[in-house]
Amino acid sequence: MEKAYNNYTNLTVDRPAERVLRITLDRPERLNALDAVGHRELTEIWREIDADPEVNAVIIRGAGKGFSAGGDFAMIQDIIDDYDTRVRVWREAKDLVYNIINCSKPIVSAIHGPAVGAGLAAALLADVSIAAKSARIVDGHTRLGVAAGDHAVILWPLLCGLARAKYHLMLCEPMNGEQAAEAGLVSLCVDDIELEGKSLEVAKRLADGAPSALRWTKYALNNWLRMFGPSFDTSLALEMLGFTGPEAREGLSSLREKRKPEFPTRSPA
């Protein structure tokens, strides 16, 4: 199995403790923004982990100054411009969420700095999500000009309630680590200096626990997420539809030019 993990280029894998696998989003020069390769790798690795008999618990974290800045602009441009890319990314985005939900091994996320996009999906879908006070969690879909697809609709209303989910998802209002913990969006918040140690402590406790009991508990609890599968599928399809329209083009252009977007005042819908 170790040889398979060595094939990843945007993810670094190590084993910081017995039966604990640690995934690092490892593109720090771009704040771990995911390009096409990174998006595919973050989707696929969960199946390998699920099948790895040497893993009882997983940590996911980001290298450098943040967890992940989301999808890079080049990949977003390709989604806008190319039908085949949209279909591929739709399939990967769907599989990313369901692969994490269905991965039997307990997952711990260590979130610091910016956490956006597909990286944020992995962070919040973790079974135990630990945010540093420096974390800046934001779902930026509507700022980009597309529906909040990704993981948001399947997860945020369950974790922090429908009213708060609508506020943060429709306005792209960020949360820091303390706010996310208070809202119930993450499991707990710690000082930045404690993040690595706390995530490893929790992962080791999970790795040392009763494997079947923990995996079956996770499976049963994740049926709450599976029940919202149709809502997630709809949101993801609407996100992909949005990439075909003018709002996404303006959203991406405004982000590149670091200016306020000028979206149409009326919607054909």
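**Ring contacts and salt bridges**

Student: What relative accessible area does Phe232 have, and is Phe232 buried or exposed?
Tutor: This is a predicted model, in which local features need pLDDT of at least 70 and side-chain atom pairs count only at pLDDT 80 or more, while totals for chains, interfaces and linings use all residues. Residues are numbered from 1 along each chain as its sequence is written, and side-chain values use heavy atoms, leaving out hydrogens and water. Phe232 is buried (under 20% relative accessible area, with exposed over 50% and partly exposed in between, for a 1.4 Å probe and protein chains only), its relative accessible area being 0%.

Student: Why is the pair of Tyr98 and Phe232 given its class, and which class is that?
Tutor: The structure holds 1 aromatic pair, where ring centres of Phe, Tyr or Trp (its six-membered ring) must lie within 6.5 Å, and planes under 30 degrees apart are stacked, over 60 edge-to-face and the rest tilted. The centres of Tyr98 and Phe232 are 5.4 Å apart and their planes meet at 85°, so the pair is edge-to-face.

Student: Which residue forms a salt bridge with Asp52?
Tutor: A salt bridge places a side-chain nitrogen of Lys or Arg within 4 Å of a carboxyl oxygen of Asp or Glu, and the count comes to 18. Asp52 is buried at 1% relative accessibility, and its closest N and O atoms in the bridge are 3.1 Å apart. Its partner, partly exposed at 32%, is Arg15.

Student: How far apart are the closest N and O atoms of Arg259 and Glu257?
Tutor: Arg259 is partly exposed at 29% relative accessibility, whereas Glu257 is exposed at 51%. Arg259 also forms a salt bridge with Glu250, at 2.7 Å. Between Arg259 and Glu257 the separation is 2.5 Å.
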